[in-house]
Amino acid sequence: IEQVRGLTLRLQLYTVPGQVFYDATRKLVLNGADGVVFVADSQPAARDSNAESMSNLETNLSELGIELSHFPFVIQYNKRDLANVLPVEELRRELNMHAAPEFETVASRGDGILPALREITRLVVKDLKARQPQRPPTPRMVLSGGGSELATRISAAAGGESPDGTRQD
């Protein structure tokens with residue numbers, strides 16, 4: 001992973017169940033998160049819980065002062081290997097109102113997981129670069145013998161001399 005403003009990035013990945021029962025845990029994990037991978041269950045029976053989880057994600061981010069539409073975010077449509085899953089177009093219409101990058105996945109086999117991880121990482125790095133102001137170079141301090149008595153003493157000490165100009169070794 002590339003550096004951002006000279007800092008090496010380290011990924012810390014957390015998984016949080018989608019059930020409403022885990023709302024407090026999801027809030028804790030979101031606080032300080034730099035991006036989200038939303039994993040939707042592609043089965044028709046999960047339609048309501050997917051919508052509820054997406055709504056909860058938006059609410060929790062909003063409480064942190066973050067709009068999902070301006071936050072690094074990807075969607076995984078999981079369990080694509082099962083029979084009778086919802087079409088991606090339908091999942092997209094119901095869950096992807098912000099046109100986030102989306103991936104069809106089969107987590108049990110690892111299918112589609114790495115492309116989603118690469119994309120969320122790319123989005124997070126892009127966002128961090130945009131949010132971090134470029135720092136001007138720190139001016140180097142030059143110790144000079146002129147100026148105040150304090151500057152004279154500091155300069156002398158840095159040069160190995162006593163304030164009276166004699167060498168201290």
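The structure holds 11 salt bridges, a salt bridge being a side-chain nitrogen of Lys or Arg within 4 Å of a carboxyl oxygen of Asp or Glu. The model is a predicted one, in which local features need pLDDT of at least 70 and side-chain atom pairs count only at pLDDT 80 or more, while totals for chains, interfaces and linings use all residues. Residues are numbered from 1 along each chain as its sequence is written, and side-chain values use heavy atoms, with hydrogens and water left out.

**Overall architecture**

- Five helices and three strands make up the secondary structure of the protein chain; helices (H or I, at least four residues) and strands (E, at least two) are DSSP runs, numbered from the N terminus.
- Along the sequence, the elements of the protein chain follow the pattern α-β-α-β-α-β-α-α.
- Of the 169 residues in the protein chain, 29% are buried; buried means under 20% relative accessible area, exposed over 50%, and partly exposed in between (1.4 Å probe, protein chains only).
- Among contacts in the protein chain with a separation of 6 or more, 63% come from residues 24 or more positions apart, where contact means heavy atoms within 4.5 Å.

- Side chains of opposite charge can pair when their charged atoms come close.
- Glu90 and Arg47 form a salt bridge through their side chains, at 1.8 Å from N to O. This pair links distant parts of the chain, with Glu90 in helix H3 and Arg47 in helix H2, 43 residues apart.
- Glu90 counts as partly exposed because its relative accessibility is 21%, and Arg47 counts as partly exposed because its value is 27%.
- Arg80 and Glu104 meet in a salt bridge of 3.4 Å, N to O. Arg80 lies in the loop between S2 and H3 and Glu104 in strand S3 (residues 102-104), so this pair ties together parts 24 residues apart in sequence.
- Glu104 has a relative accessibility of 48% and therefore counts as partly exposed.
- Asp81 and Arg109 meet in a salt bridge of 4.0 Å, N to O. Asp81 is in the loop between S2 and H3, whereas Arg109 is in the loop between S3 and helix H4 (113-131), so the pair ties together parts 28 residues apart in sequence.
- Asp81 is partly exposed at a relative accessible area of 37%, whereas Arg109 is exposed at 55%.
- Salt bridges with shared partners join Asp23, Arg26, Lys27 and Glu63 into one network.

**The sheet**

- Three strands form an open sheet in the order S1-S2-S3, with parallel pairing; two strands pair if DSSP finds at least two bridges between them.
- S1 and S3 are the edge strands, each pairing on one side only.
- From one strand to the next, the twist averages 20°; axes are lines fitted to C-alpha atoms, for helices over the stretch in contact, and angles run from 0 to 180 degrees between N-to-C directions.
- Six parallel bridges connect S1 and S2, and Val36 stands opposite Phe73 in S2.
- H2 packs on the sheet, touching S1 and S2, and its direction makes about 160° with that of S1.
- H3 also packs on the sheet, touching S1, S2 and S3, and its direction makes about 140° with that of S2.

**Helix H2**

- The 17 residues of H2 (residues 47-63) should span 24 Å at 1.5 Å a residue, which agrees with the 25 Å between its end C-alpha atoms; the expected span is 1.5 Å times one less than the number of residues.
- The buried residues of H2 are Asn50, Ser53, Met54, Asn56, Leu57, Asn60 and Leu61. They lie on the same side of H2 because they cover an arc of only 160° around the axis, the arc being that of the directions from the helix axis to the C-beta atoms.
- Exposed residues Asp48 and Glu63 are on the face of H2 turned away from its buried side.
- The buried residues of H2 pack against helix H1 (23-30), strand S1 (36-41), strand S2 (73-78) and helix H3 (88-95).
- Gly65 follows H2 and has a positive phi, near 80°.

**Helix H1**

- Asp23, Arg26 and Leu30 are the buried residues of H1. Their arc of only 60° around the axis puts them on the same side of H1.
- Ala24 and Leu28 are exposed on the other side of H1.
- S1 and H2 are included in what covers the buried residues of H1.
- Gly32 follows H1, with a positive phi near 100°.
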